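Please examine the structure shown below.

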Amino acid sequence: MKGFSTKKIVLGGLFMALIFVTTVFTRISLPKGGYFNLGDVFVMISAVFLGRYYGFFVGGVGSAMADLYMGYTYYAPITLIVKGLEAFVVALLLGDKGAKNSIKTAAAVAIGAFIMVAGYFIAEGYILSFVDKNLGLAAAVTNLPFNLVQGCLSGVTAFFLFKVMAKANLLQLDPRDI
């Protein structure tokens with residue numbers, strides 16, 4: 001299979017597990033459905049190491065598995081798309097060598113966080129209300145501040161981890177080696 005090496009598959013599995021574990025163990029339930037977590041940190045970091053498409057898959061699946069595990073089944077398809085898009089866009093904006101330019105990195109994680117916040121606002125406000133009558137525009141507005149905090153905390157944490165990894169030359173990996 002072209003484009004998939006053993007290293008990339010192992011790294012993808014590692015990031016999926018990190019996303020899952022971080023999401024589950026940092027979970028704080030929200031008043032109107034859903035939950036706060038810091039799994040987005042590893043969604044963003046996985047995007048840089050795995051690229052757009054594989055990052056989309058790993059970020060989306062790792063997060064959706066956490067939804068399924070914790071009983072938020074109806075969130076899982078939305079999470080798959082929202083977190084996948086978050087990873088895709090972060091990888092797209094940072095490119096193959098990613099996270100060396102502070103302004104570019106800050107913009108990428110901010111846009112990734114915005115995608116997460118907007119994605120869940122739209123999902124809770126308009127889509128998931130068909131599945132759960134507790135959700136709807138009022139729930140989306142109630143959860144918005146929590147999602148904003150989640151996005152900001154995850155983005156800031158990912159930004160600083162990118163800076164640490166760049167200083168340690170961990171971002172020097174050639175994408176062909178992965």
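One cavity of 30 Å³ or more is counted in this predicted model, where a cavity is a set of points on a 1 Å grid over the protein atoms alone at which a 1.4 Å probe fits but cannot get out. The largest cavity holds about 130 Å³ of space, a volume being the space filled by probe spheres set on the points, which are joined across faces, edges and corners. It is lined by 15 residues, and those closest to its centre are Tyr 35, Asn 37, Tyr 75, Thr 79 and Tyr 120; a lining residue has an atom within 4 Å of a point. Helix H3 (52–69), H4, H5 and H6 each give two or more residues to this lining. Helices (H or I, at least four residues) and strands (E, at least two) are DSSP runs, numbered from the N terminus. By class, the lining has four nonpolar, eight polar and three charged residues.

Residues are numbered from 1 along each chain as its sequence is written. Because the model is predicted, local features need pLDDT of at least 70 and side-chain atom pairs count only at pLDDT 80 or more, while totals for chains, interfaces and linings use all residues, and side-chain values use heavy atoms, with hydrogens and water left out.

Asn 37 lies in the loop between strand E2 (35–36) and H2. Its C-alpha is 7.5 Å from that of Val 24, although the two residues are 13 apart in sequence.

The table sets out two residues by accessibility, where buried means under 20% relative accessible area, exposed over 50%, and partly exposed in between (1.4 Å probe, protein chains only).

| Residue | State | Relative accessible area |
|---|---|---|
| Asn 37 | buried | 4% |
| Val 141 | partly exposed | 48% |

One salt bridge is counted, defined as a side-chain nitrogen of Lys or Arg within 4 Å of a carboxyl oxygen of Asp or Glu. Lys 83 forms a salt bridge with Asp 40, and the closest N and O atoms are 2.7 Å apart. Lys 83 belongs to helix H4 (residues 76–94) and Asp 40 to helix H2 (residues 40–50), so the pair ties together parts that are 43 residues apart in sequence. Both Lys 83 and Asp 40 are buried.

Helix H5 (102–127) and helix H6 (137–167) each supply at least two residues of the patch, and H5 gives the largest share, three residues. Val 141 is found in helix H6.

Conventions
1 Å grid on protein atoms, 1.4 Å probe; cavity = no way out; pocket = protein on both sides within 12 Å on 5 of 7 lines; lining within 4 Å. Nonpolar A, V, L, I, M, F, W, Y, C, P; charged D, E, K, R; others polar.
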